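Open the model in your viewer and keep the sequence panel beside it. The stops below are given in the order in which to select them.

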Amino acid sequence: MEKAIEEIRKFNKEREWEQFHSPENLAKSIAIEAGELLECFQWNNDFDEEAVYDELADVMNYCIVMADSLNVDLEDIVLKKLEKNRQKYPVETAKGSSKKYSEL
């Protein structure tokens with residue numbers, strides 16, 4: 001992911017877009033792009049793969065930019081959250097269940 005992160009930084013720097021990348025604006029952009037990803041599945045499961053990949057990439061790009069602007073290590077926060085989820089969803093009670101941790 002380092003190459004992708006560096007390319008995203010370069011892309012934004014060349015356009016002087018960092019000035020628009022407040023946490024609030026980035027959070028909004030992530031939600032907007034996630035909505036566009038969801039729109040790919042709006043009426044059925046017969047989706048356009050390229051459109052899904054493009055929207056998924058947009059969500060990921062904004063997540064990377066937000067992590068970068070907050071000066072956090074994405075791998076670190078993802079692994080920390082995964083550990084929290086392991087605590088909330090132990091295999092013994094969560095395996096094969098879609099229930100929320102408070103309902104297990």
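The tour goes through salt bridges, then aromatic pairs, then charged surface patches.

This is a predicted model, in which local features need pLDDT of at least 70 and side-chain atom pairs count only at pLDDT 80 or more, while totals for chains, interfaces and linings use all residues. Residues are numbered from 1 along each chain as its sequence is written, and side-chain values use heavy atoms, with hydrogens and water left out.

**Salt bridges**

Side chains of opposite charge can pair when their charged atoms come close. Here a salt bridge means a side-chain nitrogen of Lys or Arg within 4 Å of a carboxyl oxygen of Asp or Glu. Searching the whole structure gives six salt bridges.

Select glutamate 6 and arginine 9 first. Their closest N and O atoms are 2.4 Å apart, and the two form a salt bridge. Both belong to helix 1 (residues 2-15), where a spacing of three residues separates them by about one helical turn. Helices are DSSP runs of H or I with at least four residues, numbered from the N terminus. Glutamate 6 has a relative accessible area of 40% and is partly exposed; arginine 9, at 36%, is also partly exposed. On this scale buried means under 20% relative accessible area, exposed over 50%, and partly exposed in between, with a 1.4 Å probe and protein chains only.

Arginine 9 lies in helix 1 and aspartate 68 in helix 3, so the pair ties together parts that are 59 residues apart in sequence. Aspartate 68 is partly exposed at 34% relative accessibility.

Next, select glutamate 24 and lysine 28, a salt bridge with a closest N to O distance of 3.3 Å. They sit four residues apart in helix 2 (residues 23-39), about one helical turn from each other. Glutamate 24 counts as exposed at 53% relative accessibility, whereas lysine 28 is partly exposed at 42%.

**Aromatic pairs**

Rings of Phe, Tyr and Trp (its six-membered ring) pair if their centres lie within 6.5 Å; planes under 30 degrees apart count as stacked, over 60 as edge-to-face and the rest as tilted. This rule gives three aromatic pairs.

Select phenylalanine 11 and tryptophan 17: the ring centres are 5.5 Å apart and the planes stand at 75°, so the pair is edge-to-face. Phenylalanine 11 is partly exposed at 38% relative accessibility, as is tryptophan 17 at 36%.

Move to tyrosine 89 and tyrosine 101. How are these two rings arranged? Their centres are 5.9 Å apart with planes at 85°, so this pair is edge-to-face. Tyrosine 89 is in the loop between helix 4 (74-88) and helix 5 (91-94), and tyrosine 101 is in the segment after helix 5, so the pair ties together parts 12 residues apart in sequence.

**Charged patches**

Patches are made of residues with over 30% relative accessible area and no salt bridge, like charges being joined within 9 Å and nonpolar side chains (Val, Leu, Ile, Met, Phe, Trp, Tyr) within 5 Å. Lys and Arg count as positive, Asp and Glu as negative; His and the chain ends are not counted.

Select Asp48, Glu49, Glu50 and Asp54, which form a negative surface patch. Glutamate 49 is in helix 3 (residues 49-69).

Finish with Lys81, Lys84, Lys88 and Lys100, a positive surface patch. Lysine 81 is in helix 4.

Conventions. Accessible areas come from the Shrake-Rupley method with a 1.4 Å probe; for residues, only the protein chains shown count as cover. The place of a charge is taken as NZ of Lys, CZ of Arg, CG of Asp or CD of Glu. Helices (H or I, at least four residues) and strands (E, at least two) are DSSP runs, numbered from the N terminus.
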